[in-house]
Amino acid sequence: MQCQEFREIADSYLGNELIVETNHAIISHLEYCAECRRELAARRELRTRLRQAFINATENQMRPEFAERLNTQLHTRTLGKRPNRVATVGTPRSSIRLGRKSWLAIAACLLLGMTFVMIVVRQKASFISREATTTELAKSAVTDHRDCAVRFRLAEKPIDLEAAGRKYDPVYINLTKAVLTEQGGALSDAEFVEAHSCVLEGRRFGHLVFKYHGRLVSFLVTDTGGPNIINGADSPALARLEVTPCSQLEGYQVSCFQTVRHAVFVVSDLSESENLALARALAPSVYAHITGIERAV
Amino acid sequence: MFGSASTRESLVESETRWAGFEAEAMPHAPSLFRIAMWLTRNQPDAEDLVQETLTEGLSSFHRFAHGTNCRAWLISIMYHRQSKKKRASSRLHLVSDAEEFISETVAFEPPTPQNVTDEEVLHALEHLPRAFQEVVILADVEELSYKEIAAALDVPVGTVMSRISRGRKLLRAELATYAQAHGFGRAG
């Protein structure tokens, strides 16, 4: 492949729009062409910058009042379409003539209906609560990444990750190894920066910082104290490795997965697809590491 | 019996539908608003467009193929609504000859400038013809695939590919020119 040809398709390469063979041709070209490597890095940076600039532009921010109103209107619209909740028993006249058995039947139905509605409402409340927990955790992860990895501005001095592992949570022990050296060489471009444990809004995180494609990436693990908050499964037995993009806050992408007792977040200003691909590459070794310890403890 | 079974079914159905929509579609509202702002250029119109889009999305949510890109689906609805509103002006999908000509004139491509600021990137983007801005935003900001963009804009994939390529090229050229004139950035 020639440099000119590379430059023509470099953007499609960044957007994962090329077929495998062309990707290989590009990787081979990049191995020996430093100029094109620089150009690719510059284009990647421009793309990230454009994305952040557009997302963070003041005029592009949705008003919270509008968001709330929209949510309420749509919700009301959905429920507004349901039939009247009060059971219709013929005409008002005929209802007067109902016998005792019929009244008992109506009472039983109402009781059944009320029980059913309560179950639905409780399920819904539980769903909302889980969603809120995930959002809150993702928000904490982004704050941690921003303050701890990017700005290094912390209210409390962080402690060494291995020491925190011995004192607070054993999954922190050898976590760095699980993240950076046991993922089967998927991240040849990753460069370790540091590892520590920090407390944010009363929650302890194991925090690994590394550079990937020249961008700062945070890998955060926290004990959720309970099963399955991210995907809403109800039983620890249902825990399975599923990496998903879980949030997009302040221009940072958050991908997450969970084990029975832990939530794991990958935060960066890479694009959504790059951040997700990175999280998916790291997930198997980390999942095995954490679940191994959870089973043993 | 007495209609209560169907009442319960409807209630459960509505709750389930809303829960699914809330979890799958509502998180894309900020993204829809950004695009609506770009399309309408003013906040009240953008809010109206987002509301119309999500309302239509909610009523046809049963047609959404789960596991596919919900944001792309909603953006498609938004473009459809907007193009219905603006059909008379034909502003959305047509690229004027002059714009095509501008894009063709970028023969030499300088190295991509580095260390540019948010303001400089947005400034450069603003200087692109709207048809090119549109595809660059959908591809590089909203991360839609070529196919998804083609579906949203109702144009062939080939057209999307060529517009994106030209749009990105124009953006880099615009930034390089701006960098030279204002002395920012560092050519790579």
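1. In this predicted model, chain A contains nine helices and seven strands. Of its 297 residues, 31% count as buried, and, where contacts in chain A with a separation of 6 or more are considered, 60% of them are accounted for by residues 24 or more positions apart.

2. In chain B, helix H2 (residues 29–40) packs against helix H3 (residues 43–59) with the two axes 8 Å apart and at an angle of about 130 degrees. Angles over 145 degrees would count as roughly antiparallel and those from 65 to 115 as roughly perpendicular, and H2(B) and H3(B) are therefore described as oblique to each other. The crossing of H2(B) and H3(B) is right-handed.

3. On the H2(B) side, the residues that meet H3(B) are B:Ala29, B:Leu32, B:Phe33, B:Ala36, B:Met37, B:Leu39 and B:Thr40, while H3(B) contributes B:Asp45, B:Ala46, B:Leu49, B:Val50, B:Thr53 and B:Leu54. Sorted by class, this contact of H2(B) with H3(B) comprises 10 nonpolar residues, two polar ones and one charged one.

4. Helix H4 of chain B, spanning residues 70–85, has 16 residues, and the distance from its first C-alpha to its last is 23 Å, which is close to the 22 Å expected at 1.5 Å a residue.

5. The buried residues of H4(B) are B:Cys70, B:Trp73, B:Leu74, B:Ile75, B:Ser76, B:Met78, B:Tyr79 and B:Gln82; among them, B:Ser76 and B:Gln82 belong to the polar class, whereas B:Trp73 and B:Leu74 are among those that count as nonpolar.

Technical notes:
Residues are numbered from 1 along each chain as its sequence is written. Chains are lettered from A and ligands numbered from 1 in the order in which they are written. This is a predicted model: local features need pLDDT of at least 70, side-chain atom pairs count only at pLDDT 80 or more; totals for chains, interfaces and linings use all residues. Helices (H or I, at least four residues) and strands (E, at least two) are DSSP runs, numbered from the N terminus. The expected span of a helix is 1.5 Å times one less than its number of residues. A residue is buried if 20 or more other C-beta atoms lie within 10 Å of its own, exposed if 12 or fewer, and partly exposed in between; C-beta atoms are placed from the backbone. Two residues are in contact if their C-beta atoms, placed from the backbone, lie within 7 Å. Axes are lines fitted to C-alpha atoms, for helices over the stretch in contact, and angles run from 0 to 180 degrees between N-to-C directions. Angles under 35 degrees count as roughly parallel, over 145 as roughly antiparallel, 65 to 115 as roughly perpendicular and the rest as oblique. A crossing is left-handed if the near helix is turned anticlockwise from the far one by less than a right angle, and right-handed if clockwise.
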